[in-house]
Amino acid sequence: MKKLIVLGLVALTAFSCVSTKKFNSMKAEALRLEGELTASKSRLEDMGALNDKLTAEKMQLIADTTRLSDDLKECKKRYKQLLADGSAESARMLRELEDKEMALNDRVRRVAELEGMLKSREEAIDAIRRKVTDALTGFEGKGLSISIRNGNVYVSMDDKLLFRSGSFEIDPNGARAVRDLAEVLAQNADINVMVEGHTDDVPYRPNGQLKDNLDLSAKRATTVVRLLLENKGIDPNRIIAAGRGESLPVDPAKTSEARAKNRRTEIILTPKLDELMQLMEKQ
């Protein structure tokens, strides 16, 4: 009897140690996920700001070009009026005219360069969409959709394809779709990737591993990222995981159909913007 009591105490102590270790490990994972979420939000904001800046810069360049063109016409008109007298004012007007012509030519060149870069980016995005569509053609209409939004390619996967309700363990069929996508990413090193987990607004019942919908969405995102990185041709620096929880629903209605749409994982693909960033730094 004493031996049984001793063995029971030993087992209880061992269980307590394991539970403490598990708790500390989960706490560290939660902190890491929170950091990744902050970084991913910052990156998305930067991408949106860049698109806005590019559009604003293009509009400003066009406006400046129009203004300079009007100024140039006015200078030519005044120059013709003064050309006959051979005065110092005529010489000054000639210099002013030459300066404005140079400025106008520079603006025209920059507008053409920016438009060319934007066109190249659009072509790159469309090329990514085609490659992904070809790779995942067998999954479209089965819980997977591909679209272009905000200058990025979105691969959206419903819960029914990837995860069981309340779980972050990936379904074998969904895993196959993720691995097929990984093959495309491995062959195209110029594509950056963000994986976002999304849930509906039904409160998540806390358990020993997850606290709420935000935890669940982040854990699902990291599960997909880990599966992508099983392909050794993908540089981990290209990928960010983010948990969005219930904060970005595609349908705000409180119906079962709407909630099903909101339970999704989105893989956002963006061509690298190195050349565009260099061009913007010159402005």
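The legends below describe close-up views of a predicted model.

**View 1. The five-stranded sheet.**
An open sheet of five strands has the order E1-E2-E5-E3-E4, with mixed pairing. Strand E1 (144-149) and strand E4 (239-245) are the edge strands; each has a single partner strand, so one side of each lacks a neighbour in the sheet. On average, neighbouring strands are turned by 20° against each other, direction ignored. Strands of a sheet pair through backbone hydrogen bonds, and the pairing may be parallel or antiparallel.

**View 2. The hairpin of E1 and E2.**
E1 and E2 run antiparallel and are joined by six bridges. Isoleucine 146 has valine 155 in E2 as its bridge partner. Two residues lie between the strands of this hairpin, and asparagine 150 takes a positive phi near 55° there. Arginine 149 lies over the face of tyrosine 154, 3.8 Å from the ring centre. Tyrosine 154 also has a bridge partner in E5, isoleucine 268.

**View 3. Strand E2 beside strand E5.**
Strand E2 (residues 152-158) and strand E5 (residues 264-271) run antiparallel, with six bridges between them. Within this pairing, methionine 157 stands opposite threonine 265 in E5, and the bridge partner of tyrosine 154 in E5 is isoleucine 268. How many of the seven residues of E2 are buried? Six are, so E2 is largely enclosed by the rest of the structure. In a regular strand the side chains alternate between the two faces of the sheet.

Threonine 265 is part of strand E5. Is threonine 265 buried or exposed? Its relative accessibility is 1%, so threonine 265 counts as buried, the limit being under 20%. Leaving aside neighbours within four places in sequence, the residues in contact with threonine 265 are Val155, Ser156, Met157, Leu162, Phe163, Val195, Glu196 and Val224. One of these, methionine 157, stands opposite threonine 265 in the strand pairing.

**View 4. Helices H4 and H5 on the sheet.**
Helix H4 (residues 172-187) lies across E1, E2, strand E3 (191-198) and E5, and runs at about 5° to E5. Helix H5 (residues 213-228) also packs on the sheet, where H5 touches E3, E4 and E5. The direction of H5 makes about 155° with that of E4.

**View 5. Lysine 219 and phenylalanine 168.**
Lysine 219 places its charged end over the ring of phenylalanine 168, 5.3 Å from the ring centre. Another charge over a ring is that of arginine 149, at 3.8 Å from the ring centre of tyrosine 154. The structure holds zero aromatic pairs.

Aspartate 126 and arginine 130 meet through their side chains in a salt bridge (2.6 Å, N to O). The two residues are four apart in helix H2 (residues 88-135), so about one helical turn separates them. Aspartate 126 is partly exposed, at 27% relative accessibility. Arginine 130 is also partly exposed, at 42%.

**View 6. Aspartate 201 with lysine 254.**
The side chains of aspartate 201 and lysine 254 form a salt bridge at 2.6 Å, N to O. This pair links distant parts of the chain: aspartate 201 is in the loop between E3 and H5, lysine 254 is in the loop between E4 and helix H6 (256-262), and the two are 53 residues apart. Aspartate 201 counts as partly exposed at 24% relative accessibility, whereas lysine 254 is exposed, with a relative accessible area of 58%.

**View 7. Aspartate 201 with arginine 259.**
Aspartate 201 also forms a salt bridge with arginine 259, and the closest N and O atoms are 2.7 Å apart. Aspartate 201 lies in the loop between E3 and H5 and arginine 259 in helix H6, so this pair ties together parts 58 residues apart in sequence. Arginine 259 is partly exposed, with a relative accessible area of 23%.

**View 8. A network of salt bridges.**
Which residues are linked in a network of salt bridges? They are Asp159, Asp200, Arg220 and Arg263. A search of the whole structure finds 15 salt bridges.

How values were computed:
Residues are numbered from 1 along each chain as its sequence is written. This is a predicted model: local features need pLDDT of at least 70, side-chain atom pairs count only at pLDDT 80 or more; totals for chains, interfaces and linings use all residues. Side-chain values use heavy atoms; hydrogens and water are left out. Two strands pair if DSSP finds at least two bridges between them. Axes are lines fitted to C-alpha atoms, for helices over the stretch in contact, and angles run from 0 to 180 degrees between N-to-C directions. Contact means heavy atoms within 4.5 Å. Rings of Phe, Tyr and Trp (its six-membered ring) pair if their centres lie within 6.5 Å; planes under 30 degrees apart count as stacked, over 60 as edge-to-face and the rest as tilted. A charge sits over a ring if NZ of Lys or CZ of Arg is within 6 Å of the ring centre and within 35 degrees of the ring normal. Buried means under 20% relative accessible area, exposed over 50%, partly exposed in between (1.4 Å probe, protein chains only). A salt bridge is a side-chain nitrogen of Lys or Arg within 4 Å of a carboxyl oxygen of Asp or Glu.
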